[in-house]
Amino acid sequence: MLLSGGLDSVTVLAIARAAGYDVHALSFRYGQRHVIELSCAARQAERFGACAHEIVDLSHLGPLVAPATALVEGSTLSVPKGRDVRDEGEIPITYVPARNALFLSYALAWAESLGARDLWIGVNALDYSGYPDCRPAFIEAFAAMANLATRVGVEGDGDAVRVQTPLIDLPKAGIIARGVELGVDYGDTVSCYDPVAGVDGRPLACGACDSCQLRRKGFEDAGVDDPTRYVGDSIARR
């Protein structure tokens, strides 16, 4: 399972565990501005009883993709703040080139070595910020590739490897509602593209980036109190 420590991936973790799956969680350090998400991922993996949680060091990736994305440290591009997230124009500058293809490839290698058949990822085709690697077409293509590129796929029944996307058709409010049912502590997740650490080391969200806007609206639409700590909140400064 790809586990970033964000709202969506932690919800997928809860769904998989509730369904009785033994989970091997995989996170990545790739030079992301929001690297604080990894501490959330570690706590959530422990909270939901993952069999293992590995953090792969891909820090060399950041400099390679920095000219094309605002989401990594060292990029001269700024994370957009306050823009209209309903704008269906160009792919936003927070897209990281081929990130999900790369991450799923690592997950595929680990899964095959474990004898696991299911790869879990928290992609969403509705509130996905326009990223091409969050669409059903990409997931279907990756699954087809996985069954052509692995021993289990070639020697199996042709559909041996499955990519599980339980959030693919859910609005953000629906994702949150499902997570609340399963006891997800959303106060210990981070979705912000440009967070800072609070005095206790936990993340404070900027409240203005695309991801923060989608997350805030999701809680509003779900009728659930937003536990996110934002920069400037009085409780965040304690």
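Predicted model: local features only at pLDDT ≥ 70, side-chain atom pairs only at ≥ 80, totals over all residues.
**Stop 1: Ser 9**

Start by selecting Ser 9, which sits in helix H1, residues 7–18. Is Ser 9 buried or exposed? Its relative accessibility is 6%, and buried means under 20%, so Ser 9 counts as buried. Now show its neighbours. Leaving aside residues up to four places away in sequence, Ser 9 touches Met 1, Leu 2, Leu 3 and Ser 4.

**Stop 2: the whole of H1**

How many of the residues of H1 are buried? The count is 10 of 12, so the helix is mostly covered. Colour the buried ones if you like: they are Leu 7, Asp 8, Ser 9, Val 10, Thr 11, Val 12, Leu 13, Ala 14, Ile 15 and Ala 16.

What covers them? Show helix H2 (37–47), strand S3 (118–120), helix H7 (172–181) and helix H8 (210–222), which are included in the cover over the buried residues of H1.

**Stop 3: H1 against H7**

As for handedness, H1 passes H7 in a left-handed crossing.

Which residues make the contact? On the H1 side, select Leu 7, Asp 8, Thr 11 and Ile 15; on the H7 side, pick Lys 172, Ile 175, Ile 176, Arg 178 and Gly 179. Sorted by class, the residues of this contact are four nonpolar, two polar and three charged.

Looking at the spacing of those picks, here's a handy rule: an α-helix has 3.6 residues a turn, so residues three or four places apart point the same way.

**Stop 4: H7 against H8**

H7 and H8 pack at about 65 degrees, with axes 8 Å apart. That makes H7 roughly perpendicular to H8. This time the crossing is right-handed.

To see the contact, select Lys 172, Ala 173 and Ile 176 of H7, together with Leu 214, Arg 215, Gly 218, Phe 219, Asp 221 and Ala 222 of H8. Here the classes come out as five nonpolar, one polar and three charged residues.

Terms used
Residues numbered from 1 in each chain as written. Heavy atoms only, no water. Helix = DSSP H or I, 4+ residues; strand = E, 2+ residues; numbered from the N terminus. Buried < 20%, exposed > 50% of the residue type's maximum accessible area, 1.4 Å probe, protein only. Contact = heavy atoms within 4.5 Å. Axes fitted to C-alpha atoms, helices over the stretch in contact; angles between N-to-C directions. Parallel < 35°, antiparallel > 145°, perpendicular 65-115°, else oblique. Left-handed = near helix turned anticlockwise from the far one by under 90°. Nonpolar A, V, L, I, M, F, W, Y, C, P; charged D, E, K, R; others polar.
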